[in-house]
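Here is a friendly briefing on one structure, with its helices and pockets in view. Take a look at the model first, and then we can go through it together.

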Amino acid sequence: MLIMDEKVLIGREKEIAELERAYACRDFSLVVVKGRRRVGKTFLVNHVFSDRLSFKITGRYKKDMGNQLANFAAKLSKYSGVEVEK
């Protein structure tokens with residue numbers, strides 16, 4: 001059992017191991033964490049990576065792919081300081 005900020009992660013050993021494997025990989029990789037709303041996806045990612053992330057984005061609820069990609073491009077542009085083509 002892992003405890004962070006008085007919230008508890010229970011039964012997430014498999015997911016934590018998978019995220020750790022992706023982080024340790026020498027190749028670039030994209031990790032998608034998906035599931036129902038309010039089940040702790042963001043908490044899990046924040047717990048595992050805490051201070052190891054350079055860039056993170058959360059998808060928009062019930063938005064189409066075009067909207068998701070535009071949101072990603074805007075956030076990446078803001079983070080990097082480089083205009084991203086849309």
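Helix 3 has 16 residues and reaches 22 Å from its first C-alpha to its last, close to the 22 Å expected at 1.5 Å a residue; the expected span is 1.5 Å times one less than the number of residues. Helices here are DSSP runs of H or I with at least four residues, numbered from the N terminus. Please keep in mind that this is a predicted model, where local features need pLDDT of at least 70, side-chain atom pairs count only at pLDDT 80 or more, and totals for chains, interfaces and linings use all residues. Residues are numbered from 1 along each chain as its sequence is written, and side-chain values use heavy atoms, with hydrogens and water left out.

**Helix 3 and its ends**
- Asn71, Ala73 and Ser77 are buried in helix 3, buried being under 20% relative accessible area with a 1.4 Å probe and protein chains only.
- These residues sit on the same side of helix 3, because they cover an arc of only 160 degrees around the axis, taken from the directions from the helix axis to the C-beta atoms.
- At the N-terminal end, Asp64 caps helix 3, with a side-chain oxygen 3.2 Å from the backbone nitrogen of Gly66.

**The largest pocket**
- The largest pocket holds about 1,600 Å³ of space, a pocket being an open set of points on a 1 Å grid over the protein atoms alone, where a 1.4 Å probe fits, with protein on both sides within 12 Å along at least five of seven lines.
- Its lining (residues with an atom within 4 Å of a point) has 36 residues, and Leu30, Val31, Val32, Val33 and Ile57 lie nearest the centre.
- Helix 1 (13-24), helix 2 (41-49) and helix 3 (65-80) each give two or more residues to this lining, and the largest share, five residues, comes from helix 3.

**The second largest pocket**
- About 270 Å³ of space lies in the second largest pocket.
- Among its 17 lining residues, Arg12, Glu15, Leu19, Val33 and Leu44 are the closest to its centre.
- Helix 1 and helix 2 each give two or more residues to this lining, with helix 1 giving the most, four residues.

**Tyr23**
- Tyr23 has its place in helix 1.
- Tyr23 counts as partly exposed because its relative accessibility is 40%, between the 20% and 50% limits.
- The C-alpha atoms of Tyr23 and Leu53 are separated by 9.7 Å, with the two residues 30 apart along the chain.

Terms used. Points joined across faces, edges and corners; volume = space filled by probe spheres on them. Polar contact = N/O pair within 3.5 Å; in protein donor to acceptor, adjacent residues only side chain to side chain.
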